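Work through each task before reading its solution.

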Amino acid sequence: MSKYVLIPDSFKGSLSSGDICRIASAEILRLEPSAEICAIPVADGGEGTVDAFLAAVGGRRIAAPCTGPYGEPMTAHYALLPDGTAVVEMAAAAGLPLVGDARDPEKTTTYGVGQLMAHALSHGAARLVLGLGGSATNDGGCGAAAALGAEFLDAQGRPFVPVGGTLTRIAHIRTEALRRTLGAVPVTVMCDIDNPLCGPEGAAAVFGPQKGADAAMVARLDAGLYHLAQVLARDLGAEVLTLPGGGAAGGFGAGAAAFFGGTLRMGIDTVLDTADFDRRCRGARLVITGEGHLDSQSLRGKTVIGVARRARVLGIPVAALVGGCETALDAVYAAGVSGVFPINPAPCTLAEARQHSEKNLRFTVENLLRFMAALEK
């Protein structure tokens, strides 16, 4: 009996990682009815991260009351995994889809994200995994920190909850109550970008426009984050101004490190560890991974490369199923990918590819397995 490990990222706008696992599993079992399949859907920390972890390792989907990006009451969900890990995706309470066309990163807050974290802690979470992605905010994570007990004081000593447009009002930060709430629970932050907090490559400049910021607002937001970094260094001893990934999710990467002692890690590394990838790969004939487009950006630690590096250590071949790819792939092969298989059998537009993605994926999986079977005869 052959064993296959399926651990793909999504083909953005076409197939989710869960869809790919479902389609590939069905095709493998059609050709090898006795095959053992271990499916580990992947998400990058944005929308869908909670569901991906639940599908990969099981657990419970927990509903919790919280506030949305503009402080409106809502209910969101997080995952509580069997080992006591709580997975919170910030998009659930502070994501762009929640604001629709009313985008204003000077007014949106991550307060609801902190409420979800607090709910998880009160229900026995032994570890927190925080997914950063798809945010509508630029508050440096101050809202979430406030929900967990941090106090932000203005020059007159008055407490307030900062948002992107009021970060420059912060005169002092107190975190004693936050420390008591968080205790010794470790926080891992899924972060797949390395942008710094401020400057031309920072949170406001790069991501602010997609959240509704014009050039003048970008400058104000950047100044606010710079001021926050100065106060964090003075009051908390946290130097986050040049932290790689600090600019993620409107500066939440920096805030998570400073307020929660969070460790910023590539999303795929977090998934592999949480899903116990090494153990689940034992005895596998093949690891099948994939992403929508394989290129030089993938080498910075995206799903295919992260999986390949771990599987190479285990001595297991890796097939990467992709929507498209560059042709210069020497570095991809050096990372541990055994072969790259674009699923589109003929040149086509992206719109055409999306229409036939399921059929083309089935076709590619069948041909991959038929070829492997022929080699083993």
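**Exercise 1.** In which sense do strand β5 and strand β6 pair, and over how many bridges?

Solution. Strands (E, at least two residues) and helices (H or I, at least four) are DSSP runs, numbered from the N terminus. Two strands pair if DSSP finds at least two bridges between them. Strand β5 covers residues 85-89 and β6 covers residues 127-131; they pair in the parallel sense over 5 bridges. Within this pair, Thr 85 stands opposite Arg 127 in β6.

The model is predicted: local features need pLDDT of at least 70, side-chain atom pairs count only at pLDDT 80 or more, and totals for chains, interfaces and linings use all residues. Residues are numbered from 1 along each chain as its sequence is written, and side-chain values use heavy atoms, leaving out hydrogens and water.

**Exercise 2.** At what angle do helix α10 and helix α12 pack?

Solution. Axes are lines fitted to C-alpha atoms, for helices over the stretch in contact, and angles run from 0 to 180 degrees between N-to-C directions. Helix α10 (residues 267-274) and helix α12 (residues 303-314) pack at about 45 degrees, with axes 9 Å apart. α10 is therefore oblique to α12: angles under 35 degrees count as roughly parallel, over 145 as roughly antiparallel, 65 to 115 as roughly perpendicular and the rest as oblique.
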